[in-house]
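Okay, thanks everyone, let's get going. Have a look at the model on the screen while I talk you through a few bits of it.

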Amino acid sequence: MTSTTARALPGFLSAEVATDPDAFYRRLRAEDPVHWDDGYQGYLISKHADVGFAYRNPLFSTQNYEVSLQPVFGRSMLQMDGAEHSRKKALVTPYFRGKGLEKWAPVIARNVATILDRSVTSASEHIVRGFRPGDTVDLLADFGYYLPVYVITDMLGLPHSDYDRFFDWYSRHVAFLGNLARDPEIDERGRRATKELWEYLAPVVEDRRSHLGEDLISGLITAEIDGERLDDLEILTHVTQLLNAGSETTGKALASMFAYLLRERELFEEVREDRAQVVPAISETLRISPPSQMNGRKTTQDVDLRGTHLPAGTLVMLLMASANRDEDRFHDPDTFDFHRPDLDHTKTFSAAGDTFAFGSGRHFCLGAMLAKSELEMAANVLLDRFPDMRLADGFTPRWAGLKMRSVDRLTVTL
């Protein structure tokens with residue numbers, strides 16, 4: 001299955017690739033864009049056109065999630081196809097689109113203010129800090145991780161006081177999802193997190209059935225299409241997916257954006273002075289450094305791609321991060337440039353987008369517009385409150401991770 005050229009490439013799960021995946025992706029695109037990897041036991045698809053083709057083609061299914069996702073999420077919408085997927089998605093879509101989404105704008109604004117106005121124990125330095133001009137904080141750990149968790153827990157009607165538990169659960173879930181080498185200890189910790197989370201949620205769901213409110217759990221309980229409603233297990237699965245989907249990714253996208261802006265001071269100042277550039281800066285961040293870097297698929301029938309035959313049942317990894325830096329699609333793709341003419345920022349948060357930060361096709365991320373609202377509002381408030389923000393003295397941003405990748409921290413002086 002491997003060519004002479006392909007054998008010279010490092011293993012996908014090697015330390016070399018984890019250290020600099022973008023260099024590996026450049027080689028894949030140039031030398032072997034449909035590349036068999038022995039460690040992964042599947043094909044790596046790296047070109048923009050091919051990733052888009054696979055996302056849109058139902059022969060590339062999410063059946064792989066039975067192993068890589070279902071053990072910690074339950075059987076979620078992400079692995080459903082056809083009419084079943086359409087029905088289940090229709091039950092929750094109204095809460096993330098149009099007027100349903102507008103309802104959450106005040107929730108986002110309130111939580112941005114709540115986090116910035118409180119004193120916190122810094123996750124990076126373990127000391128009490130406020131968010132005041134002149135203070136030094138880790139913008140990722142002390143703000144970025146909190147915001148999406150606070151927002152989704154408010155949407156679900158769950159208390160902020162349990163943040164540490166939510167953070168622990170989704171951290172173990174994220175580790176499970178990124179466990180491409182199937183380390184049994186990471187696997188077990190992820191499964192145990194689900195058990196703990198569901199034990200926490202089960203009495204909440206039971207209580208909401210008797211005491212419905214305006215929260216999203218109550219909405220999931222009452223949602224109905226053609227007489228069909230969600231049972232308790234499906235509600236637990238949906239809530240688990242919601243707690244995970246936006247938490248890690250939104251915080252990391254926000255931190256990566258400010259890292260890019262603050263590395264080149266004139267970019268930060270441009271966005272600060274012209275807020276019309278906030279969304280383009282977010283969009284370009286999601287292109288050049290999407291927090292979720294790849295999605296797996298499994299072929300349901302034989303498929304030929306770039307002269308390579310993929311038998312039915314073949315695992316493939318769609319390398320979104322590679323596709324987003326494809327030289328055949330984007331000019332100077334390794335440069336952060338929110339003025340680039342080859343990226344339509346108005347489409348980034350829709351299934352018609354030019355990049356794959358939120359996936360594409362029928363499984364395009366349901367929470368993309370919620371993420372946009374959180375990122376846009378948070379960025380504007382931070383720019384308003386801390387117009388002189390800069391990287392802390394001696395600090396240089398460093399990107400880390402493979403499945404999930406972003407700056408590992410962002411130490412700034414406000």
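So, where is Gln 41 found? Gln 41 is in the loop between β1 and β2, where helices (H or I, at least four residues) and strands (E, at least two) are DSSP runs, numbered from the N terminus. Gln 41 isn't a glycine, yet its phi is positive, about 60°. Gln 41 is partly exposed, with a relative accessible area of 46%; buried means under 20% relative accessible area, exposed over 50%, and partly exposed in between, with a 1.4 Å probe and protein chains only.

Quick housekeeping. This is a predicted model, where local features need pLDDT of at least 70, side-chain atom pairs count only at pLDDT 80 or more, and totals for chains, interfaces and linings use all residues. Residues are numbered from 1 along each chain as its sequence is written, and side-chain values use heavy atoms, with hydrogens and water left out.

There's a second one like that: Asp 332, with a positive phi of about 45°, again not a glycine. Asp 332 lies in the loop between α19 (320–323) and α20, and Asp 332 is partly exposed at 40% relative accessible area.

Now the sheet. Five strands make an open sheet, ordered β1-β2-β10-β7-β3, with mixed pairing; two strands pair if DSSP finds at least two bridges between them. At the edges sit β1 (34–37) and β3 (60–61), each pairing on one side only. Helix α4 (residues 48–56) packs on the sheet and touches β1, β2 (42–45), β3, β7 and β10, contact being heavy atoms within 4.5 Å. The direction of α4 makes about 120° with that of β10. Axes are lines fitted to C-alpha atoms, for helices over the stretch in contact, and angles run from 0 to 180 degrees between N-to-C directions.

Inside the sheet, β7 (residues 295–299) and β10 (residues 315–318) run antiparallel, joined by four bridges. Asn 295 stands opposite Leu 318 in β10.

Last stop, a helix pair. How do α9 (residues 105–117) and α20 (residues 368–385) cross? Their axes come within 10 Å and cross at roughly 40°, so α9 and α20 are oblique to each other; under 35 degrees counts as roughly parallel, over 145 as roughly antiparallel, 65 to 115 as roughly perpendicular, and the rest as oblique. The contact includes Ile 108 and Val 112 of α9, and Met 377 and Val 381 of α20. That's it from me!
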